Amino acid sequence: MADPALASRTRCIDDPHFDPDALIQQVESLEHEVQSLTEQVTRDFEELALLQSLAVSMELRNSTPEPIALMLDFLPKLPLSTMCQAVALVPNMEMFADQQASLSNAATLWSGDPLVEDEVCRKIIDTFGENAQVDPVVINDLAADQIDSRIRDIILVEIRHADRLAGWLIACNHVKPEGCLPGVRDGFTTIEANLILTAGSILATQLHNTRLLRQKEQLFTDVVRAMVNAVEARDDYTCGHSERVALFAQELAKQAGLTVTDCDRIYLTGLLHDVGKIAVPDAVLQKPGLLNAEERSVIETHPDVGWRILYPLVNQLSEVLPGVLFHHERIDGKGYPDGLVGEEIPLDGRILAISDAYDAMTSDRPYRGGMPQEKAEEILRSGAGTQWDADLIGHFFDAMPRMIAIRESYNRREPQARQHGSYMPVEG
């Protein structure tokens, strides 16, 4: 039986109207269309992969990242998907004035090794930045003397959320992928420009969210500090005690190798550790002499009282409760309120016990002045392993120069004064 397909081809060739050149053109056109579709599918896949990668890196974390750290984590994901040699991020330093130390004196962040100096990136922004306020700027085949001989092609976009300009992204020098199909031209296209624009928008949104979270955290800390001030306002001698304990505890946690999140939690716990003293009568709290047994039993209720005060806020403050409740426990089990022994005492409680004791020993009290540094150190050493965790005492002494600096440089927050008839504080 004859092959129908072969018979059809034979008829086409025998057809007097058959045009082989037209057939070749049709085949070439189809090949070009297939090539374009393949390139588009590849680019779409790369875009999806980039967006997925950026979305993963932008996930909410246990702690709010520093903006510069967020940028440094973001940048390395961009060059491969955007077909460029490197991506530079130039922060708007007016927005990140408090982050300059994190920049290591460099105004420009890079996806890898710096391609050019900071001044070159600033020249790109000064030259083309006004146009980038509207749309991405895409320029290929820059003249060698226009910006810098090392910069051939650029994409420039703003990192902006609403009216807040966080900085600029600069993709430098288009890179043609190895093994690309014939006919793929050099230079950036709107595809790469849109990818950089999308990346900039994602980063701007995350930086905005980070800023809002930090404002929320600061507001929460300020409210906590106001609660502490309400307690300490009753006793001039203990004013500033909670904040100093918080600073000592945070420094000890750092020395012990705890995470930034743990250190922040311990600082907050230190601020709140004595909140239960609000229920202690003034006659006991402000007594100028040593407490008798009955008065001591009253003062020893303050960890439990603090726990009861804070527990209704358990959704927000659950992580501070162990330190507030157990900061007067002892390693030998002779502490209060529960007489826990050794590692039964939560780590936060053990850290705060040392920090609280150090501040109590070195601060003035109604019945005595603060003891000398050498005497406080002697007591801490003698109590290691019985009253306090021996390993943490070791870390405390390793950090002692910083502890002394905190104690000597601490300035209590003076209460605000206001003018008659005004709810605003007096300036200056």
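Author: Let's start inside. Of the 16 residues of helix 14, 14 are buried, so the rest of the structure largely encloses this helix. Keep in mind that the model is predicted.

Reader: What residues does helix 14 cover, and how far does it reach?
Author: Helix 14 runs over residues 347-362. From first C-alpha to last it reaches 23 Å, close to the 22 Å expected at 1.5 Å a residue.

Reader: How many aromatic pairs are in the whole structure?
Author: A search finds three. Take F248 and Y358: their ring centres are 5.1 Å apart and their planes sit at 75 degrees, so this pair is edge-to-face. The pair links distant parts of the chain, with F248 in helix 7 (residues 241-255) and Y358 in helix 14, 110 residues apart.

Reader: Are F248 and Y358 buried or exposed?
Author: Both are buried. Y358 also pairs with F396. Here the centres are 5.2 Å apart and the planes at 65 degrees, so that pair is edge-to-face too.

Reader: Where is F396?
Author: F396 is in helix 16 (residues 390-398), 38 residues from Y358. F396 is buried, like Y358. Together F248, Y358 and F396 make one aromatic cluster.

Reader: New topic. Which residues have the most contacts inside the largest nonpolar core?
Author: Those are I351, I354, L380, F396 and M403. The core holds 26 residues.

Reader: Which elements give two or more residues to that core?
Author: They are helix 7, helix 8, helix 14, helix 15 (373-383), helix 16 and helix 17 (400-409). Helix 14 gives the most, with seven residues.

Reader: What does I354 touch?
Author: Leaving out residues up to four places away in sequence, I354 touches L252, L380, W388, D389, L392, I393 and F396.

Reader: Let's do helix 15. Which of its residues are buried?
Author: Q373, A376, E377, L380 and G383. They span an arc of only 135 degrees around the axis, so they lie on the same side of helix 15.

Reader: What is on the face turned away from that buried side?
Author: That face carries the exposed residues E374, R381 and S382.

Reader: And what covers the buried residues of helix 15?
Author: The cover includes helix 14, helix 16 and helix 17.

Reader: What follows helix 15?
Author: G385 follows, and its phi is positive, near 95 degrees.

Reader: Why is D262 called partly exposed?
Author: Its relative accessible area is 22%. Buried means under 20% and exposed means over 50%, so D262 falls in between.

Reader: How far is D262 from Q250?
Author: They are 12 residues apart in sequence and 8.6 Å apart in space, C-alpha to C-alpha.

Reader: Zoom out. How many helices and strands are there?
Author: The protein chain has 17 helices and five strands. It has 428 residues, and 40% of them count as buried.

Reader: What about contacts along the chain?
Author: Take the contacts with a separation of 6 or more: 63% of them are between residues 24 or more positions apart.

Reader: Last one. What is the accessible surface of the protein chain?
Author: It comes to about 23,700 Å², and 53% of that belongs to carbon and sulfur atoms.

Technical notes:
Residues numbered from 1 in each chain as written. Predicted model: local features only at pLDDT ≥ 70, side-chain atom pairs only at ≥ 80, totals over all residues. Heavy atoms only, no water. Buried < 20%, exposed > 50% of the residue type's maximum accessible area, 1.4 Å probe, protein only. Helix = DSSP H or I, 4+ residues; strand = E, 2+ residues; numbered from the N terminus. Expected span 1.5 Å × (residues − 1). Phe/Tyr/Trp six-rings, centres within 6.5 Å; stacked < 30°, edge-to-face > 60°. Core = buried A, V, L, I, M, F, W, Y, C linked by side-chain atoms within 4.5 Å. Contact = heavy atoms within 4.5 Å. Arc of directions from axis to C-beta. Areas by Shrake-Rupley, 256 points an atom, 1.4 Å probe, with all protein chains shown as cover.
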